[in-house]
Amino acid sequence: MSDLIRKTAAELAELMTSGQASSVEITQAHLDRIAAVDADVHAFLHIDTEGALAQAAAVDTRRAAGEELAPLAGVPLALKDVLTQEGIPTTAGSKILEGWKPPYDSTMVKRLKAAGIVILGKTNMDEFAMGSSTENSAYGTTHNPWDLGRIPGGSGGGSSAALAAYEAPLAIGTDTGGSIRQPGAFTGTVGVKPTYGGTSRYGLIALASSLDTPGPCARTTLDAALLHEAIAGYDPMDSTSIDQPVPAVVAAARNGDVAGLRVGVVKELGGEGYQPGVEARFHEAVELLTKLGAEVVEVSCPHFQYALPAYYLILPSEASSNLAKFDAMRYGLRVGDDGTNSAEKVMNLTREAGFGAEVKRRIMLGTHALSSGYYDAYYGQAQKVRTLIARDFENAYHQVDVLVSPATPTTAFAIGDRIDDPIAMYKNDLCTIPSNLAGNAAASFPCGLADEDNMPVGFHVMAPVLRDDLCYTVGAALESALAEQWGGVLMTKAPELEVTR
Amino acid sequence: MPSITREEVAHLARLARIELTDDELDHLAPQLDQIITWVGQVSQVAADDIPPTSHALPLTNVMRADENVPCLTPEQALSGAPAAEEQRFRVPRILEED
Amino acid sequence: MTADVLEIDDALAQYDPVMGLEVHVELNTKSKMFCGCPTEFGAPPNTQTCPVCLGLPGALPVVNRRGVESAIKIGLALNCEIAEWCRFARKNYFYPDMPKNFQTSQYDEPIAYNGWTEVVVDGETYRIEIERAHMEEDTGKSTHVGGATGRIHGASHSLVDYNRAGIPLIEIVTKTIEVPGEKAAAVARAYVSMLRDLLLALGVSDVRMDQGSLRCDANVSLKPSGSTVLGTRTETKNVNSFRSVERAVTYEITRQAAVLSAGGKVLQETRHWHEDTGITTSGREKSDAEDYRYFPEPDLVPVAPSREWVEEIRASLPEAPSLRRVRLQEEWGFTDLEMRDVINGNALELIVTTVDLGVSPAAAKKWWLGELARAANESGKDLGELGISPTDVSNVQARVDKGELNDKLARQVFDGLLKGEGTIDEIIAARGLALVSDDSALIEAIDRAIAANPDVVEKVNSGKPAAAGALIGAVMKDMRGQADAAKVRELLNAKLGI
């Protein structure tokens, strides 16, 4: 086993720049690791061995020719299967898209390719990103590398698990209610939800358009920042993209100075329903920030308690409309086209066969929330709550620079534990959802293991719109202080996976 | 009194074009009832004078110039089609006129 | 099923019609409303599509600025208020030719609202209130295969071309129109025809009705004469020519009257207009299954046209139609009566264009209101739908002015054009319509006429020069009309010494 897979992206980039390793070697090492452990982890839905090696070889050739390359050129990455890549199967974890090969690249993929980042393959996820465990994937559950009997979080469980299993040093996730941050927390990795509009949604198969935000996942804060810089920035193809400079995230991740930074602990995100081990690690991390010179105060965000129900009206409403296009007419699965069934019937049969239980549940919920007679009470009222939550943030940011909370109320739970209790499952995202509703930047950083189960705990940082850099400042400060305590980043404590090949 | 009946769930399934089985309806109706009651707590928030938020950020007037950009080739456009004929998407017979 | 209908007079004796008209017009932008694909009509199937207008997973829309500008133009020309802030909304329903299974449209926040316009019918001016004009996108086009003549019923499957999907549409909706019953259908026709002229003048659409770039839905309901209680309305779709608008409205009045007077109930439903049989048939009933679940389109941000932009657009508008009519009448020297005929005949814009091409106003009016109006009337089409362009008229008139054709031959040229016999030159050649300008041929014909009619010559010689007219007639007949009558008279007079 090559030690190349244990390196950070920044270290790999350095090895390539100094000529100690080629992108092909690095890419091959990761492909080997995938072959060795992914039968157990199941982080990937599609592995593009040929494409990845070809991309890597191209980077090596350009480097040999003396071309100026982007900082992460040649570093491999795992891509969440919700982003289109031309000619590569893209399913969003759903049967209804099985075998579909998009004829176009998402902006995300265009930028990754432009940066010379090597795409290893597509990672597993809850179907259409609806879920917090990857158990809703039509292609099987991903297992948490820290404990294969547990879920890795979701919806982007595949991306985070790939990092924790050392199958890739970098990954892309998408965060609608916590789908980058919650799996990050559950796998002891870093997950950042950039400011809404800071990263392009073009080519991201929409779940809830007003909430979806693609972002970087990595094992270290600096790696996440380097990836953030490569993928962020204005995109004229996305009307909700922000036409302003990308926040200086890499500088923040390198600096990590929290002296004088005003940090607000959100009063409402803790207490009842929170696992003691999660709260313990969170409060220790807050203490640590105080020692590093941060000014910590408690802040109240009274409407956060309504964020979850508001979210479960807004998301299903938008999703019910976004997922209407999967109708068996133009692409994807078609069921029941026997020459006698009508188009209408074929649509009904295909959607019945192609969508899983959670997707149907949310489509039905959204259809209900938007239907005449219910709109004002449900969707309309939820949008007003959204305004109140944004105002809570606004008020808080008058007092502090960033807000913090645990990333999740609990650590990763056992596979199958909450599968048929939707509301219990939804409560995973209690802490992460407010930032999606307000469009703020937010991130989860590893802050230790819970005493009860030895599973990773995530430290959640929320920052104002376009102040993504502040998340990295806090994350970097915490990371280096904790590494000093632990003698390395949290991931070094992860158990060794059995190699099956 | 449930917040949503089995019949209403069946109606939603028709609107959403999903051919739910009876078993699914049996399972889904009480679940949706539970979820709808739970999300219904948003109505407890007094917000009559609060404007609704439809977009995360207050951007306006994002427009592009009226210019052509290259299209997909018909082969690309049809590449995912379950069935195609005469360079068109072949779909089963349509019941209703639009 | 053929619905029973009342005679229109009987229907109007018992009921007053109430109408509402929804007109969809395709804009002539270069690119689609939300993507950069071209909008050309008649391109090979699925050659003008991209991930956005195909509704592929992941694709996102971006608004075409010119689409918004055109919407504002139309709004201003219809005396509407222009929204300071408005949003797009999704109209959710499933249909195979709609790529996303929602139409990106506008709902309770249209870009233009509260306007009015006027139409003239039989010399009377009627004011039509405009409810709104909003932006939306067109759908793809289905071809139904395996059934009778492309009908949806009985088809085995359909083929869909998405070239049209995403082409910008403006939907213009009137408030209820209540005019004297006997004028309703004509007012509806005049309104649509006026809109066509207006849209052409604004330059925002090609308004090719034959290509479906202007489509009308007519809402009709009846209320008992003198009552104020509105009846149940039907929405007749697919009414795509001026004459059809008039016929469909009349048909619905007579059909609904028959239903009501027989004690029945009018169903609230969509009905389809059949051009060939002149009737409407039941489409789908408006039921609870039709719940469009509108909500603000999250993929597009609000449109907030600055007042500066709106005023800039207002300043660029062509002059108001009523003022323009007064100006044109004066320039052309037409009487009030002539001008009214021009307007009632829907010939105003055609004459303007024809005059711009160098034809005298009198000649332009003569052709459009004479020969061509007659042909339009016979075929039940509007003048603009005949397939004769102002350029055709100008080319024919140029030949008359040069003495190559006379009016009678020119009429035959138009007949040939209407029958699709080719270009003007081809028709003249094929039908042998050139005037004989060769004096010797005319003189020979005159000699023959004199020889054949000694009695007429006698009369002329005996001091009755008016009798020469019979000789001119004989010469013209001999020449099969292909002679300039003035020239014949000149030569004959010389011959006879008058």
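Student: How many residues of chain B are in contact with chain A?
Tutor: Heads up, this is a predicted model, where local features need pLDDT of at least 70, side-chain atom pairs count only at pLDDT 80 or more, and totals for chains, interfaces and linings use all residues; side-chain values use heavy atoms, leaving out hydrogens and water. Residues are numbered from 1 along each chain as its sequence is written, while chains are lettered from A and ligands numbered from 1 in the order in which they are written. Contact means heavy atoms within 4.5 Å. On the chain A side 64 residues take part, and on the chain B side the number is 55.

Student: Which residues of chain B lose the most area to chain A?
Tutor: Buried area is the accessible area (1.4 Å probe) that two parts lose on being put together, summed over both. Between chain B and chain A that is about 5,200 Å², with carbon and sulfur atoms giving 65%. Three residues, together 14% of what the chain B side buries, top the list: B:Arg17, B:Glu19 and B:Trp38.

Student: Which element gives the largest share of the side of chain B that touches chain A?
Tutor: Across this interface there are 20 residue pairs in polar contact, both at pLDDT 80 or more (N or O atoms within 3.5 Å; within protein, one must be able to donate a hydrogen and the other to accept it, and residues adjacent in sequence count only if both atoms are side-chain atoms). Helices (H or I, at least four residues) and strands (E, at least two) are DSSP runs, numbered from the N terminus. On that side of chain B, α1, α2 and β3 (88-92) each supply at least two residues. The largest share, ten residues, comes from α2(B).

Student: How many salt bridges are there between chain B and chain A?
Tutor: Side chains of opposite charge can pair when their charged atoms come close. The rule here asks for a side-chain nitrogen of Lys or Arg within 4 Å of a carboxyl oxygen of Asp or Glu. A:Lys360 and B:Glu24 qualify, with their closest N and O atoms 2.5 Å apart. For chain B and chain A, the count is two.

Student: Which residue of chain B forms a salt bridge with A:Lys345?
Tutor: The closest N and O atoms of A:Lys345 and its partner, B:Glu19, are 2.6 Å apart. The pair crosses between chains, from helix α11 (residues 343-354) of chain A to the loop between α1 (6-15) and α2 (22-39) of chain B. A:Lys345 is partly exposed at 30% relative accessibility (buried is under 20%, exposed over 50%, partly exposed in between; 1.4 Å probe, protein chains only).

Student: How many residues apart in sequence are the parts tied together by B:Asp26 and B:Arg6?
Tutor: These two form a salt bridge, their closest N and O atoms being 2.9 Å apart. B:Asp26 sits in helix α2 of chain B and B:Arg6 in helix α1, so the parts they tie together are separated in sequence by 20 residues.

Student: Is B:Asp66 buried or exposed?
Tutor: B:Asp66 forms a salt bridge with C:Arg66, at 3.6 Å between the closest N and O atoms. C:Arg66 lies in helix α2 (residues 65-77) of chain C and B:Asp66 in a loop of chain B, so the pair joins two chains. C:Arg66 is partly exposed at 28%. With a relative accessible area of 11%, B:Asp66 is buried.

Student: How many salt bridges are there over all chains?
Tutor: Some link up in a network, made of A:Arg201, A:Asp238, C:Arg90, C:Glu297 and C:Asp299. Over all chains, the count comes to 61.
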